Every structure is written in structure tokens, then in C-alpha cells.
Amino acid sequence: KYKEHQVGMIEHIQFDQDGLGATAYAFLSDHAKQFAVSGTKFWLAKPELGLVGSKNVSALLEGNFIGVKPGNGDHTTEFTASDWEPITTHKPRGLNVTLTSHQLGSVRAGNPVLYRQVKVGEVIGVGLSSTADAVNIYLNISERFAPLVTANSQFWNASGITLDAGLFSGIDIKSESVETLLAGGIAFATPPDEAIEQVSQGHQFLLAEEFDEDWLEWRPSIPLNTSP
């Protein structure tokens with residue numbers, strides 16, 4: 001399947017003699033021949049159920065299936081499939097940036113990226129760094145909102161709630177929104193610098209462990225892209 005649409009079928013499976021693997025023989029439909037190129041990724045897709053979002057729900061009824069993401073190399077008919085979906089680190093449109101954090105926490109692929117509580121992008125992938133001493137969180141910001149991200153932007157995890165308790169002040173509960181309380185999300189703010197330095201594709205930021213309330217007071221005037 002590609003984007004939940006069937007593009008081919010497994011004809012038969014031949015198990016390896018050592019019993020540690022198998023070769024699956026498949027055919028692609030006429031409109032999916034472009035997937036038979038190097039760089040295309042195949043993996044065993046399994047159902048994933050979550051409190052807010054779920055993936056591959058059809059596999060609960062129909063069984064697991066083979067997922068595919070197209071490549072752009074030369075023609076080939078042999079591939080090595082993975083046991084899990086490959087990590088997405090960028091999209092062809094919009095601004096792609098990477099956040100680095102010590103822990104993943106509640107961040108998941110599909111979480112919204114918020115600016116003033118308005119969704120301007122999404123988390124498209126998460127994974128360990130190349131040295132496994134940090135976590136990389138990959139974001140895609142829509143083209144229209146890409147100018148909001150500058151070199152001095154601050155990102156933080158907007159999931160969950162913050163409690164401030166005092167003997168006389170009582171309890172103050174803070175949350176970005178009900179949506180992020182349930183589904184999670186990343187928020188960011190940009191300071192009103194006179195010289196705004198735009199970032200390039202793949203720019204890296206450090207995900208703040210805690211947000212500074214002063215960031216919420218930043219109100220820069222930044223013209224958005226005219227494209228939708």
C-alpha cells in the first residue's frame with residue numbers, strides 16, 4: 001500500500017534455508033511501476049493505536065501489509081524490506097528543521113507545531129542521533145509560515161500541563177491548549193530582532209527543556225509568504 005491505497009500484491013513467499021528470513025515475490029500494478037527504482041523503501045506495516053491518532057488501522061481487520069515510499073533512482077526489482085517504517089526527515093515542500101533533545105518525552109510523529117497556538121507545521125519524524133547520545137525531532141513548517149522561523153527562534157515541548165502551587169496563591173494550571181494536552185505538540189516563538197536571520201533547510205535547534213514565559217511576550221512583525 002502507498003498512502004492507504006493498494007498498489008500491488010504479494011504472490012508467494014519463499015523461506016530461507018536457515019529459517020532466519022524470507023523472500024517475498026510481488027507484482028506492482030500498472031500505475032505503480034514507478035516504485036521499482038532504487039531508493040524506494042518497503043516495510044512491514046502493523047497497526048498502531050493511540051489515544052488521539054492511530055496508523056494502519058485497516059491492518060486490524062485485513063492483516064499486516066507492505067508499506068512503500070517511492071525513491072528516485074535507477075530501475076531495479078530487488079529490495080530489502082524493513083521491519084518498521086523508515087524515519088522521515090524532510091518533505092519536498094516547506095521548511096524542514098531538526099530539534100535536538102536529551103529525551104523524546106511525549107513527542108510523536110504527526111504532532112502539530114504551533115506558533116501562538118496556531119498550527120503552522122507538524123512533526124514528521126523522530127529518531128536517535130548518529131551517536132545515540134541524543135534524540136532528533138524532525139519538523140516541517142508549511143511554506144506560508146516558514147518566515148516565522150529564524151536563527152533565534154525558541155522551541156519547546158507544549159505537551160502536558162504545568163502546575164504552580166503556593167500556600168496563599170493556590171494552584172495555577174497552565175497548558176498550551178486542550179489539543180496539545182491530549183495529543184502533544186511542539187511550540188515555538190521568535191524574538192522581535194531588527195535583523196531577522198532566516199534559516200536554511202535542515203537547520204538545527206536545541207529543544208528547550210522548559211519554556212521561558214518571556215518568550216510568550218515576543219510579538220515580532222513578520223510578513224508571511226503569499227503562497228497558501
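Predicted model: local features only at pLDDT ≥ 70, side-chain atom pairs only at ≥ 80, totals over all residues.
We can begin with R116, whose place is in the loop between strands β6 (112-115) and β7 (118-128). With a relative accessible area of 45%, R116 is partly exposed, because that value falls between the limits of 20% and 50%. If we leave aside the neighbours within four places in sequence, R116 is in contact with W218, R219 and P220. R116 and A187 are 71 residues apart in sequence, and their C-alpha atoms are 7.9 Å apart in space.

We can now turn to pairs of side chains. Side chains of opposite charge can pair when their charged atoms come close. In this model the count comes to five salt bridges, and one of them joins E143 and R93, with a distance of 2.6 Å from N to O. E143 lies in the loop between β8 (135-141) and β9 (154-157), while R93 lies in the loop between β4 and β5, so this pair ties together parts that are 50 residues apart in sequence. E143 counts as partly exposed at 30% relative accessibility, whereas R93, at 57%, counts as exposed.

Another salt bridge is formed by the side chains of E85 and K69, at 3.4 Å from N to O. This pair links distant parts of the chain, with E85 in the loop between β4 (65-69) and β5 (95-101) and K69 in strand β4, 16 residues apart. E85 is partly exposed at 29% relative accessibility, and K69 is partly exposed at 24%.

Finally, K33 forms a salt bridge with D30, where the closest N and O atoms are 3.8 Å apart, and both K33 and D30 are exposed.

Definitions and conventions: Residues numbered from 1 in each chain as written. Heavy atoms only, no water. Helix = DSSP H or I, 4+ residues; strand = E, 2+ residues; numbered from the N terminus. Buried < 20%, exposed > 50% of the residue type's maximum accessible area, 1.4 Å probe, protein only. Contact = heavy atoms within 4.5 Å. Salt bridge = Lys/Arg side-chain N within 4 Å of Asp/Glu carboxyl O.
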